[in-house]
Amino acid sequence: MNLVQHIVFLVLTTAAAAATAAPFTPTDDTQVVETLPRRLTGSAAPQRALRAQLQRTPGDVTLAVRAAREAIARARLEGDPRELGAAQAALAPWWNDAHAPAAVRLLRATLRQSQHDFSAALADLQALLDDRSAAPALQAQAELTRAGVLQVLGRWAEAAAGCERLAGARYATLDANVRWAAQACGAELMSLRGQADAAESRLAALARDAEPGDAAWIALIRAELAERRGDARAQAHYRTALQARADVYTLAAYADWLLAARRARDVLPLLEGRDAADALLLRQAMAYRQLGDARAAAATAALRERFAAARARGDTLHQREEALFALHLEDDAAKALALARAQWAQQKEPADALLLVQAARAAKQEAAADPVRQFMRETGYADARLGLVAQRFAAGQP
Amino acid sequence: MRWLCSIALSIALSLAAASSHAHKASDAYWTVEVAGERLTQRLDIALRDLDREIAVDANEDGQLAWGEVRSRWPAIESLAAAGARVQADGRACTVTERGAPALDEHSDGRYAVMRQTLVCDGPVADLTLHYTLFAASDATHRGVVRLVRGDATHSAVLDPSAPAQRFGSDAAAPRTFFGFVGEGVHHILIGTDHILFLLALLLPAVLAVRRTPAPPASPGSALLDVLRIVTAFTVAHSITLALAVFEVISPPSRWIESVIAASVVLAALNNLRPVITRQRWVVTFAFGLVHGFGFAGALKDLGLAGGSLAAPLLGFNLGVELGQLAIVALFLPLAWALRSTVLYRRVLLQGGSVAVALVALVWLVERAFDLSLMA
């Protein structure tokens, strides 16, 4: 950003901040003052009734687990972290209980993982897996959740071992979906660990017998794999995934693909009306900027305000988004690099590797990306977007 | 992170788009301003949180009309009153004014704004904020607090599961040892009366005999004189500072402040017409005792009540000594260099002492009679 842009920007953001400083009283009773989050799950009344019932009988595990599970399901659909807080509140009597019932443990692990308390999540899942009296169905879910956590942490060998156990004898009596999930779980890890071709043919086979809801998952894995290989078929897979469920994660991933292809014009209709999500407002702002659209300034100011509000509450869950913001919208490579490093220390997803490499390059500190190079050597991970090493997509093949 | 497949098990639960948090979790913004006996507070609660809790969306159309919000305002106010309570220690406060229903825009949507003024039966010192809003329905909800007291603003994040938080009379009080060292240095450097007392005592130290005109002193005797004075002052005020902080003796501050002013007047006058020339350290020690009570007042104002006293006391005292040493280190070489000049003898020693005596005399009258002459 040059000096003039800087000044214009400062004036705009200051004006935006000042504009929100004074409370107001609407004069018209029919004026709509707030749109509630998309109620994909219907009316809020049953939730209130359930909560009231729970407050009358706080020790009722069945009721508490039901309330927490419903809240987590809403969090997934609506992308609203408040629902995760509601789930935690429902589990409050057992939140610090070392001997919590198995069903509570599973939900608690999911919530702790969402708060990035990975070690506590893993401890809960391990305890559930070690509990021979726990229902195999719960354990199967725990195994899958654990593989997911380990994958996020970059502990891919352990994650793959979990997927293999899921396909094993212990869970053989369960639903066929468990075996399908075990294979999908294993195939995704293959796709990350340098066995791209083998992973792709497995995923293609799995896609054929997938239930409609699960097809979206497979399509997303295939889209991301294609993207890492620089294969244009990524777009078709992203579209398939989005048709099944347009959640925040998939929308952001597809928007990133479009932005990398310099197709910002296609990002705007994709994210229309979804700017409540920080990750999606961020992609909108990046698209405006790529197009030289004046709306970039307002979107950037809104994001800055949201990050400040998150920091004010002591929240550090937005590190990746903040790093992207610093890198692509604030042109502050040093800040982006610091955040990207902190993020890489916590999580090792493909997006985190890309972020660290790009931030290091922007900050002209190529060596800062060394941890990613090291990780690639250790795991066989490859990604055409990184431009780091000779491509090794054939690594898993003879 | 990604959502992982939901196996069609009864629990059908996956790694819920966990880190693609759409936005931040729920917060309410609470500002409390303290001015004497008056408390002004403002609490902003997100409309969507209110709807989840007490059903604001009467027609369930997913949109909140202002009429719907307005008709639920009494319920919103009682929810707020139960969830966010301010308690002024030892004071009874009553609500004297309530703001009209209003809204404000925050980074994640519209918030209901509740404003009220409370008047207490005396000046408010310590405050306790009780915060339990949404404790039963959202474990990640937080109250983002701003406490404003004069020029000082203190921020805190309240967790409804650990609801009561106490704020001392100076919310910006340091909490670490080095924080108290800093406060000690700060106090002596802005404490004009202590500095003037010290300077009035040090001005003649570079001259041999306390009569006018006095010949320059030898370096050794000047240094010894300074050392004796500074040591006497330090030992004396350390004793009374500790006695006052541990509440062994707590003389009324008006008398202490008046005697401190008097000590400055006398020290300055003694330079003009020396009465005490030998063993000035004894007099310094006596007045040092009074200055110690003055330091204790400043330390107590930082809000020590209740907590551990030893570390703050040590830190603050160390800070005072460091500040005092800095003054001596600046003053002494200058005085030494200038000691034979007319400038030093006439202007600085004589004129300076007259000026110091006059200023301190004004303080003395102000403090003793509770007047304001140099406002």
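Chain A exposes about 17100 Å², and carbon and sulfur atoms supply 55% of that area. The model is predicted. Chain B, for its part, exposes about 16200 Å², with 63% supplied by carbon and sulfur atoms.

The secondary structure of each chain may be taken next. Chain A contains 20 helices and one strand, whereas chain B contains 10 helices and 11 strands. Of the 398 residues of chain A, 54% count as buried; in chain B, buried residues make up 52% of 375. Contacts can also be sorted by the distance along the sequence between the partners. Among contacts with a separation of 6 or more, residues 24 or more positions apart account for 52% in chain A and for 71% in chain B.

The interior follows. In soluble globular proteins, nonpolar side chains tend to be buried together. In this model, the largest nonpolar core has 94 residues, and those with the most contacts inside it are Tyr238(A), Leu303(A) and Val372(A). Helix 13 of chain A, spanning residues 248-260, contributes the largest share of this core, namely 10 residues. Returning to Leu303(A), and setting aside residues up to four places away in sequence, its partners are Asp278(A), Leu281(A), Leu282(A), Ala285(A), Phe325(A) and Leu329(A).

Two packed helices are described by the angle between their axes and the distance between the axes. Helix 9 of chain B (residues 310-338) and helix 10 of chain B (residues 342-369) have axes that come within 8 Å and cross at roughly 125°. The contact residues comprise six nonpolar, no polar and no charged.

Ser263(B) lies in helix 7 of chain B, which covers residues 253-272. Is Ser263(B) buried or exposed? Its relative accessibility is 1%, and residues under 20% are classed as buried, so Ser263(B) counts as buried. Apart from residues up to four places away in sequence, Ser263(B) touches Phe197(B), Phe287(B) and His291(B).

How values were computed. Residues are numbered from 1 along each chain as its sequence is written. Chains are lettered from A and ligands numbered from 1 in the order in which they are written. This is a predicted model: local features need pLDDT of at least 70, side-chain atom pairs count only at pLDDT 80 or more; totals for chains, interfaces and linings use all residues. Side-chain values use heavy atoms; hydrogens and water are left out. Helices (H or I, at least four residues) and strands (E, at least two) are DSSP runs, numbered from the N terminus. Buried means under 20% relative accessible area, exposed over 50%, partly exposed in between (1.4 Å probe, protein chains only). Contact means heavy atoms within 4.5 Å. Accessible areas come from the Shrake-Rupley method with a 1.4 Å probe; for residues, only the protein chains shown count as cover. Axes are lines fitted to C-alpha atoms, for helices over the stretch in contact, and angles run from 0 to 180 degrees between N-to-C directions. Ala, Val, Leu, Ile, Met, Phe, Trp, Tyr, Cys and Pro count as nonpolar, Asp, Glu, Lys and Arg as charged, and the others, Gly among them, as polar. A nonpolar core is a set of buried Ala, Val, Leu, Ile, Met, Phe, Trp, Tyr and Cys residues joined through side-chain atoms within 4.5 Å.
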